[in-house]
Structures are given as C-alpha cells and as structure tokens.
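Biologist: I am new to this structure and would be grateful for a close look at one part of it. Please then connect that part to its surroundings.

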Amino acid sequence: MTELLVKNACVIDPLRGINAETMDIAILDGKIVEEVSDAAEVIDARGMLTLPGGVDSHTHICGTKVNFGRYMSPEDMRAGRTPRQGPLHATSGYSVPTTYGNSYRYSVMGYTTLLEGAMAPLEARHTHEEFVYTPLQDTMANTLFDGNWGIMEAIRDGDTKRVAAIIAWTLRAVKGFGVKLTNPGGTEAWQWGKNVSCIRDPVPYFEVTPAEIIRSIVEANELLGLPHSVHLHCNNLGTPGNYSCTLGSLGLIPDLNEKRQTLYATHVQFHAYGGSDWKDFCSKSEPIARFVDMRPQIVMDMGQVMFGRTTTMTADGPMEFNLYRLHHEKWSNHDVELETGSGIIPVIYRRKNLVNSIMWAIGLELALLTKSPWQCLLTTDNPNGAPFVKYPEIIGLLMSKKYRDAEFATIHPDTEARVPLPAIERELDWYEIAVMTRAGQAKALGIQDLGKGHLGPGADADVAIYPIRMDEVDPSAEYQKVIDAFSRTEYTIKRGRVVARRGECLVDGSNATFWVSPKVSEAYDMGKDPDFIEKFDRYYTVRMRNYPVQEEYLNRNRCIETEARI
Amino acid sequence: MIVKDAVCPFCGCLCDDIEVEVEDDRVVAVTNACELGTTKFMGEKRMKSPILRDGDRWKDITYDEAVQYAADMLLSAERPLLYGWSGTHGEAQCVGVHMAELVRGVIDNTSSVCHGPSILAIQEVGHPGCTLGVVKNRADLVIYWGSNPIDAHPRHLSRYTRYAEGFFLENAFRDRKVIVVDVRKTETASIADEFVRIKPGGDYAVLSALRAIVQGKTDTIPRTVAGVAREQLIRVANLCKSAKFGAVYFGLGLTMTRGKYKNIRNAIELVSELSRHTKFTISAMRGHYNVYGSNEVNTWMTGYPFGIDYSRGIAFYNPGETTAVDILARKECDAALIVGSDPAAHFPRKCLEHLADIPVVQLDPYPNATTAFCNVQIPVAVTGIDAEGTAYRMDGVPIRTRKVLSTDYPSDREVLSRMYALMREALER
C-alpha cells in the first residue's frame with residue numbers, strides 16, 4: 001500500500017467544475033481517494049497550479065510512419081539528444097524523438113495520457129511494441145479505416161451493420177481504441193496515384209464517396225457504443241479553399257451521442273483555408289468556428305503550426321506527395337494493402353513565408369473564435385504543425401494578446417490583410433487552458449469514466465503540478481512565466497508515483513494500453529464470416545490467424561468492453 | 001501434430017503460411033516453405049550446451065557460467081561491440097540496445113554490410129514504398145534490379161509478384177509484366193518478359209538514362225548506355241510510364257556494386273519521377289528474416305537504424321566510423337558479443353584478424369564460421385522454431401513467429417536479459 005498526499009494544491013479540475021480551489025489530493029495505490037492515513041508521504045504544493053495529468057488526444061508518437069520519420073532523418077535525431085542518466089535511457093531526436101525521448105519530454109510537461117493518431121491495422125503490432133517503450137504515459141491508438149476494402153464494399157451494399165462488424169473485429173484484433181478516417185477514400189485512390197477532391201468524389205472501383213464513408217462509419221461507431229467518436233482528418237488537407245470541403249464534411253454529422261461529440265475533427269487549422277490558389281490564400285477560421293459553435297456534436301483540435309523545423313507525417317499519402325512537389329525535400333510513402341497508406345516529408349515553417357504565417361494565425365484563431373474550449377482542443381498534430389514541446393508557447397499565445405501582437409510583428413507583413421487574428425482581443429484563462437489540454441481531451445476521448453482527465457475519487461492518480469501561482473502572475477503581461485511553468489512541472493505524478501520533478505524524469509515506468517472490444521452477436525462475428533475469411537485469405541499477404549495482436553504486446557492491459565447494438 | 005500458419009525464420013519474405021509436422025519434439029515434414037525454409041525448419045545438429053575455449057579444446061559449461069562470462073567480458077571492455085541481431089526476434093534486440101547503452105558500447109547489425117547503403121540513400125531522398133500485398137493486388141509491372149529472387153527469396157515471385165493472384169488483375173500471370181535488370185542472365189531473368197543486361201558497374205548510368213527519358217530528354221541518350229541499347233531503354237521507360245502500378249525490387253547487385261548508395265538514390269529518384277506520371281514504388285529485398293526488425297528496433301530505441309556508438313553516453317551514428325567492420329579494422333574494439341549472425345563468414349580478413357585477438361561471445365544455436373573465433377558460444381532456441389518473438393518482414397509488416405516445438409534451450413531474449421541483469425547489478429553495486 002502506497003499513500004501520497006498533495007497538500008495546498010490550487011486545483012483546476014474542469015470535469016468536476018472546480019476552478020482554482022485550494023485543496024488536498026489524497027492518493028492510494030495509484031488512485032485518487034477521499035483521504036489517506038497519517039503515514040502518507042506528503043508533497044506540499046504551496047498553492048501551485050495543479051491540474052489532472054495532461055491528455056493529448058491527437059499526436060503521432062509510435063508506429064510504422066513515426067519510426068520511418070526517425071529512420072530517414074538522422075539530422076533530426078542529432079538535433080536533440082540526451083545521455084543515459086540514472087534510471088533514464090539515452091534519447092535522440094527533435095521533431096520525431098525516440099520513444100523514450102517522447103515519453104520523458106511529455107512527462108516533464110505534465111502529460112500522462114497519449115493517443116497515437118493513426119495506426120494501420122496490418123502494422124498495429126509495431127505501434128504496440130513502441131508503446132511498451134513509452135513508459136511514462138498511458139497510451140491508446142486510433143485505428144485507420146479510411147481505405148478498408150471490406151468496409152467500402154459494405155457501404156456500397158448499404159449494410160451499415162456489416163461496417164460496424166468489420167470495425168469491431170478489427171479493433172479487437174489490433175487492440176485499437178478509436179476509429180480514424182484519414183482522407184477517407186483518398187488513401188485507396190492514392191494506391192493508383194490518384195486522390196479524391198472532396199466528399200462527393202467517388203473512390204475508384206469501389207464507387208463510394210467520402211461522404212458515404214464518413215456517414216456510414218459515424219453510424220457504425222455509435223452502433224458499437226465506442227467510448228470515442230469517429231476521429232476525422234478531412235479530405236483535401238492543406239489546399240487553398242478547402243474550408244468549404246471541411247464545412248461540407250462537418251455538415252454530414254447528426255447528433256447521435258448524449259455524452260460526447262459525434263465527430264472529432266482533427267487538426268482543423270490545415271482544413272480552414274480560403275482562396276483559390278496560393279496567391280490569394282487566406283484564413284477561413286471564422287466560418288469554421290461559427291459552424292462548430294452551433295453544433296455540439298462536433299469537437300475539433302487546433303493542429304497549430306509553430307515556426308521552425310519539423311517533420312510531417314500522416315496516413316494521407318497523396319497530400320504528402322503534393323507537399324513533396326512544393327518543397328522538393330525528401331519524400332517517403334508507405335501504402336498498406338486493403339487498408340490505408342502514409343507519407344512523410346520534413347518541412348520548415350518560416351515566419352518570412354506568407355502562407356506559413358497565415359497557417360500560424362489560423363490555428364490560434366480557431367481556438368480564440370470557438371466559444372467553448374470543450375470544442376477546440378490544443379494540439380499541433382505533433383509533429384505535423386510543430387513538435388509537442390511547443391505547447392507551452394501556444395498556451396502563452398492563447399493567454400496573452402500582448403504576446404500575439406509581439407509575434408505578429410515578426411511574421412510576413414501581408415498576413416494582416418488575410419487573417420482576423422490582429423482584431424481578436426480574447427485571452428483564454430487558466431480554466432479554459434485546463435479544458436483544452438486535459439479535461440476536454442478526456443471527455444472527447446470518452447475516457448473520463450475510466451478515471452482520466454479529472455481528480456475525483458476513483459480517478460487514476462495522474463496529476464501535474466506547475467510551478468506557478470495564479471494569484472501572483474498576470475498571464476496577459478507575464479506570458480514568459482506561463483510558458484516556463486507549462487514547460488516544466490514541479491511534479492508530474494503518474495499512477496500515484498512522482499515520475500518527473502523540475503524537468504528531470506525520476507523513474508522508469510510501465511504504461512497501460514487502452515483498447516476496445518465491442519461485443520457483437522454471433523451473426524456479426526467477422527471471425528466466422530465465410531466471405532470475410534475468403535477475401536482475407538486471397539488478398540492479404542498475412543494469414544488471418546497471424547493478424548491479431550497478441551496480449552503479450554500489452555504492458556498493462558486496459559480492455560474496454562462495449563455492448564454493440566448488432 | 002501439425003502446426004499451421006507457422007512463420008518461416010529464413011528470409012525477408014517472412015512467409016507465414018507454413019505447415020510444420022512435429023513428432024516426438026522433432027520436425028518431420030514442412031509444407032509450403034521453399035527449400036531454404038524447409039532446411040531451416042528441419043534443423044541441423046544443434047550445439048548441446050554452452051562451450052568455453054580451453055586452450056585448443058572446448059569445454060562444456062553451464063548457462064550460468066556462460067552468461068557470467070559474457071557479462072564480465074562486456075563490463076571490463078573499454079569499447080565493446082555488440083553485433084549481428086538480424087537473426088533474432090525484436091524482444092532480444094531491445095535488450096541488446098539497453099546492454100550497449102549500459103556499457104557505452106557500439107551496437108551494429110548486419111545491414112552495415114548489406115543494405116546499409118540503401119538506408120543511406122533513403123536518408124538522403126526518402127523512400128516511396130508499400131506493403132507487399134499492395135504490389136500483389138495491383139502491380140502490372142514488376143522490376144527486379146540486381147536481385148535474383150529465385151535463388152535468394154524463392155517465394156517472392158509466387159506470393160507477391162509473377163505467380164501471385166491479384167485483386168485488380170484479371171489474369172495476373174498474363175497481365176503482369178516482369179523486367180529483370182542484371183549483369184548476368186540469372187534464373188529470374190529467364191522467367192522475365194524483358195531482360196536488361198547491364199555491363200558490371202553500369203547501373204548508375206542506366207538509371208540516369210531512364211530518368212532522362214522519363215523527363216522527356218530522349219535526345220540526350222547515346223546509342224548504348226553501359227551495354228544497353230537506346231531502343232531498349234526507351235522501351236523500358238515506356239513500359240514504366242504506361243503501367244498502372246509499377247514496383248521496383250532491388251538487391252545487393254545494385255546496393256553493393258560501384259556507386260553503392262548513389263545507385264539506390266538514383267533508383268529512388270527515378271521512382272519519384274515516375275510517380276508524377278503513374279503509381280510507382282520501390283523496395284529493398286532484405287535478406288535475414290528480421291534484419292528489418294533490427295533496423296526498426298534500433299530506430300525507435302536509439303534514433304538510428306544501425307551503427308550506433310554509445311561511447312559518449314548519447315547515441316551517435318556515423319556509418320563508416322561506427323559500423324562493425326570499421327571498428328574491427330581499426331582494431332578499436334576489445335570485446336565482441338555476436339548474436340544472430342555469422343560475421344566470420346562475411347567480414348574482411350583484416351577484421352577477422354582482430355576478432356581472433358579479442359574475447360568473443362556468440363549466441364547461436366549452431367556451430368558456424370564465427371565459432372572458431374569464440375571464447376564462449378551459447379546455444380539458444382531458434383526464433384520461429386522453439387522460440388516466439390516479433391519479426392519485421394522486408395516491407396515493415398511485423399509478424400509474431402510461432403513456436404512449433406518445445407525444447408529446453410533458452411531464447412536469445414532470456415539469455416540476454418540475464419546478462420543485462422547481471423551487468424546492471426554489478427554497475428549499481
């Protein structure tokens with residue numbers, strides 16, 4: 001039995017409506033409890049800002065494409081390295097750190113739960129292997145269904161229940177958490193070197209449209225009772241004028257779930273562009289934010305761009321090829337049979353570049369213009385918009401108009417005519433930041449009932465204590481103090497144990513992997529479906545029996561069973 | 001007993017449809033595997049227990065003694081080399097990385113003498129590739145360049161290309177064209193639709209010529225390029241441009257001949273160029289069943305696919321300096337741990353001379369050429385036969401190998417974990 005008492009913490013816990021109350025947090029055997037005995041070890045938080053452990057609901061940290069980003073980029077590996085020290089392993093990498101690098105750096109920033117944004121089912125084992133070496137965070141993986149042959153055939157046949165059945169079988173087999181659609185239909189078209197332009201464009205051969213894929217999979221997701229909603233990377237990422245496609249996609253979504261959103265639209269910054277080409281490229285954050293304000297069924301994340309070098313990586317293969325033709329840097333692509341694809345290129349976002357400057361502004365605008373922080377979460381689509389170590393600076397920008405203006409003065413001078421940012425006065429407060437970096441993320445992922453994103457009794461004892469006192473700092477003026485505080489916790493507590501202190505990780509941990517297992521009726525068990533089995537045998541190059549990820553790959557196994565309505 | 005869907009631990013094809021018949025803890029029959037795989041499953045004479053060199057004789061020792069010997073050797077070394085890794089499972093490779101980090105050693109795998117140059121090219125220009133099933137289902141053009149799958153990857157043709165069924169091909173055998181590019185008429189060349197014979201060392205020039213033609217600069221091409229007629233080059237370029245889906249598979253004939261990584265870079269850039277016209281991909285024909293896994297494990301743990309030097313605490317990578325052959329040739333390393341490979345059969349003489357001078361421990365089920373250089377050899381279970389573990393196919397698809405029989409041999413992971421535990425204990429003391 002291990003007991004810990006955090007005293008005099010200034011707590012913001014949005015899921016419980018707690019806003020800056022000074023209180024004690026009692027921890028017993030890794031869980032938050034009402035009280036502990038006098039024998040408990042005591043940490044005096046001395047009024048410091050104390051939040052539930054950070055949750056990143058969209059990041060790329062583990063798996064085939066992430067590792068290929070490292071593999072092809074020794075220059076990035078050299079750009080961030082630390083030696084082995086105490087219990088800590090050596091790390092390498094700046095924009096795509098090694099697994100230990102990701103884990104330690106996230107931990108120092110107070111993050112305790114991470115969702116890998118895109119896992120190809122066929123290569124899921126790889127993602128899980130890397131999770132094991134991401135020791136200081138609990139992990140989960142969004143599973144890619146954007147170009148799944150069996151699903152597109154079922155959609156063509158109008159059989160949503162079969163769509164759900166294939167998702168259920170696959171998630172269980174690959175130990176996946178959520179349903180991810182990346183450029184739905186586009187990744188299949190790309191296996192012919194083609195793409196879909198927007199939601200009404202049919203996919204070659206399968207003759208279904210992205211709109212049909214999105215709508216059908218959203219329904220299937222709810223039939224399965226999954227904790228998270230469908231997680232959508234819209235078609236047409238990164239092209240001028242794509243905001244209308246984004247609005248069209250969001251407009252497809254009915255409100256089907258009382259507890260959470262029905263659609264999670266990811267890295268919307270990349271999908272909020274106006275103009276007809278790069279010459280008249282401009283921000284369309286306002287129509288997107290207004291649209292989302294009126295629809296509680298939608299949650300988005302920012303996908304903020306920050307200036308500097310990074311690596312872009314996504315299942316959206318055709319988009320990466322277009323980017324390659326713009327940048328002429330090195331380009332990798334990896335299509336996955338019957339399922340999806342991926343692409344990688346390194347990029348530099350430059351202040352002196354007008355398009356990059358506008359992108360930077362759009363991400364901030366989305367966060368500032370969307371009324372509810374529960375509907376616009378803080379991400380960079382790590383590492384696509386910027387490496388996650390930039391989060392503290394983004395928090396600073398959102399909390400300080402002064403900081404935004406100072407930064408704005410350094411970017412391309414024509415930006416002002418293309419974006420609404422300079423006119424936005426709003427400064428987010430501590431509570432809103434807490435929503436956007438943990439509470440809102442946990443709610444959107446549907447894991448608050450599993451003890452994530454809050455500090456109520458029974459919750460996992462994941463706590464971030466930041467070395468800053470809200471009553472002593474004015475974030476609007478003293479934004480550097482805010483940035484410093486969010487860069488380095490005083491304490492990061494994971495499962496009841498102090499894992500990081502003042503920028504140093506202290507222990508080697510062991511994470512938990514969350515995955516879902518929807519319970520379906522016998523008739524919808526694809527493992528026994530003759531047509532599914534026959535197609536699998538004929539067209540996959542891996543035997544069906546060798547496809548599922550064994551439980552050996554899960555460190556701490558947190559299976560979420562759901563009752564499916566099929 | 002028949003074990004179905006066993007995974008073949010021989011080459012990078014990692015065929016996972018093997019049926020193995022086992023009687024009295026012995027493999028008696030193998031179905032579906034090629035000759036190479038069958039031979040591996042049927043096994044040879046394995047070593048019975050760990051052995052220690054004792055003058056010019058071998059002495060049997062216990063696993064505890066052998067593990068202690070290896071731990072002491074690595075701990076007392078100033079510049080230990082941990083080499084091999086392509087013939088074992090990923091879980092063992094992970095322990096290997098931790099060990100190298102702990103003793104500030106150099107960890108390198110067989111790709112430094114194999115597809116290392118391919119990796120260097122990828123680090124310059126990237127890699128447009130795909131899984132093998134994408135090629136199987138779509139490709140109407142397959143090019144084998146400097147590779148001879150009939151000999152080296154016998155089922156590559158039947159599972160993924162020439163003889164494979166494909167979803168989008170009505171009659172895959174008829175509709176799929178195969179081009180072989182090589183310096184001699186190999187067996188694979190004899191089943192190709194088109195054979196391009198290049199003068200040795202001429203690959204780079206031929207790739208450049210093809211790139212020029214694809215870019216529309218046909219006028220610049222001389223009558224022959226490295227022995228290949230202009231007409232044939234134009235025909236090949238047109239076949240590529242008119243294909244719906246083309247796939248290039250290259251082997252050491254391109255990687256390890258004159259030009260080395262520049263050849264691969266040129267080939268990748270040809271594919272990137274073709275991607276502007278149609279769908280094209282390129283991939284390496286990886287040798288060992290888990291050489292790619294070793295690159296993957298090294299990459300997520302250290303940041304680099306091979307040749308990692310921990311002597312300064314951080315992971316440092318500089319192929320040509322931090323790779324096994326170079327460390328040995330410069331007589332730098334003073335102890336070597338060899339796992340899942342046989343360097344004595346492949347390394348230059350100068351390296352072996354040094355290997356003979358330093359203490360060497362090898363983990364391998366069988367006596368091999370490296371045994372002659374060992375102070376201790378520890379027999380282990382064979383991944384895919386009597387040990388389970390993760391392997392990465394040549395296209396990056398990870399598969400868990402099955403155990404088809406039970407023996408008392410410990411796995412590589414078990415032996416290495418014991419070594420690592422002893423080493424940590426000694427250092428923390």
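Biologist: How many residues does the contact take from chain B, and how many from chain A?

Modeller: The model is a predicted one. In this model, the contact takes 52 residues from chain B and 46 residues from chain A. On the side of chain B that touches chain A, the elements giving two or more residues are the helices α3 (90–102), α4 (116–125), α5 (132–138) and α14 (291–302), together with the strands β8 (128–130) and β22 (398–401), each of chain B. By residue type, this side of chain B divides into 21 nonpolar, 18 polar and 13 charged residues.

One of these elements, β8(B), also pairs with a strand of the partner chain. Strand β18 of chain A, residues 332–335, is joined to β8(B) by three bridges, and the two strands run parallel. Within this pairing, Asp335(A) has Cys130(B) of β8(B) as its bridge partner.

Three strands of chain B form an open sheet in the order β1-β2-β3, and their pairing is antiparallel. Its edge strands are β1(B), residues 2–6, and β3(B), residues 26–31, each of which pairs on one side only. From one strand to the next, the twist of this sheet averages 25°. Strand β2(B), residues 18–23, runs antiparallel to β1(B) and is joined to it by three bridges. There, Val20(B) of β2(B) is the bridge partner of Val3(B). Helix α1 of chain B, residues 35–42, packs on this sheet and touches β2(B) and β3(B). The direction of α1(B) makes about 165° with that of β3(B).

Another open sheet in chain B has five strands, in the order β11-β10-β9-β14-β15, with parallel pairing. The edges are formed by β11(B), residues 194–197, and β15(B), residues 279–284, and each of these pairs on one side only. In this sheet the twist averages 15° from one strand to the next. Among the residues involved, Val248(B) has Ile282(B) of β15(B) as its bridge partner.

Strand β12(A), residues 230–233, is covered on both faces. Val230(A) and Leu232(A) lie on one side of β12(A), His231(A) and His233(A) lie on the other, and all four are buried. Strand β11(A), residues 178–182, runs parallel to β12(A) and is joined to it by three bridges, with Lys180(A) standing opposite His231(A). Three bridges also join β12(A) to β13(A), residues 263–265, and these two strands run parallel as well. In that pairing, the bridge partner of Leu232(A) is Ala265(A) of β13(A).

Strand β22(A), residues 491–494, runs antiparallel to β23(A), residues 497–501, and three bridges join them. Lys494(A) has Arg497(A) as its bridge partner in β23(A).

Finally, chain A provides an example of helix packing. Helix α6(A), residues 160–174, packs against helix α8(A), residues 210–223, at an angle of about 65°, with the axes 8 Å apart. Because of that angle, α6(A) is roughly perpendicular to α8(A). The crossing in which α6(A) passes α8(A) is right-handed. From α6(A), the contact is made by Thr160(A), Lys161(A), Val163(A), Ala164(A) and Ile167(A). From α8(A), the contact is made by Ser216(A), Ile217(A), Glu219(A), Ala220(A) and Leu223(A). The residues of this contact divide into six nonpolar, two polar and two charged.

Definitions and conventions: Residues are numbered from 1 along each chain as its sequence is written. Chains are lettered from A and ligands numbered from 1 in the order in which they are written. This is a predicted model: local features need pLDDT of at least 70, side-chain atom pairs count only at pLDDT 80 or more; totals for chains, interfaces and linings use all residues. Axes are lines fitted to C-alpha atoms, for helices over the stretch in contact, and angles run from 0 to 180 degrees between N-to-C directions. Angles under 35 degrees count as roughly parallel, over 145 as roughly antiparallel, 65 to 115 as roughly perpendicular and the rest as oblique. A crossing is left-handed if the near helix is turned anticlockwise from the far one by less than a right angle, and right-handed if clockwise. Two residues are in contact if their C-beta atoms, placed from the backbone, lie within 7 Å. Ala, Val, Leu, Ile, Met, Phe, Trp, Tyr, Cys and Pro count as nonpolar, Asp, Glu, Lys and Arg as charged, and the others, Gly among them, as polar. Two strands pair if DSSP finds at least two bridges between them. A residue is buried if 20 or more other C-beta atoms lie within 10 Å of its own, exposed if 12 or fewer, and partly exposed in between; C-beta atoms are placed from the backbone.
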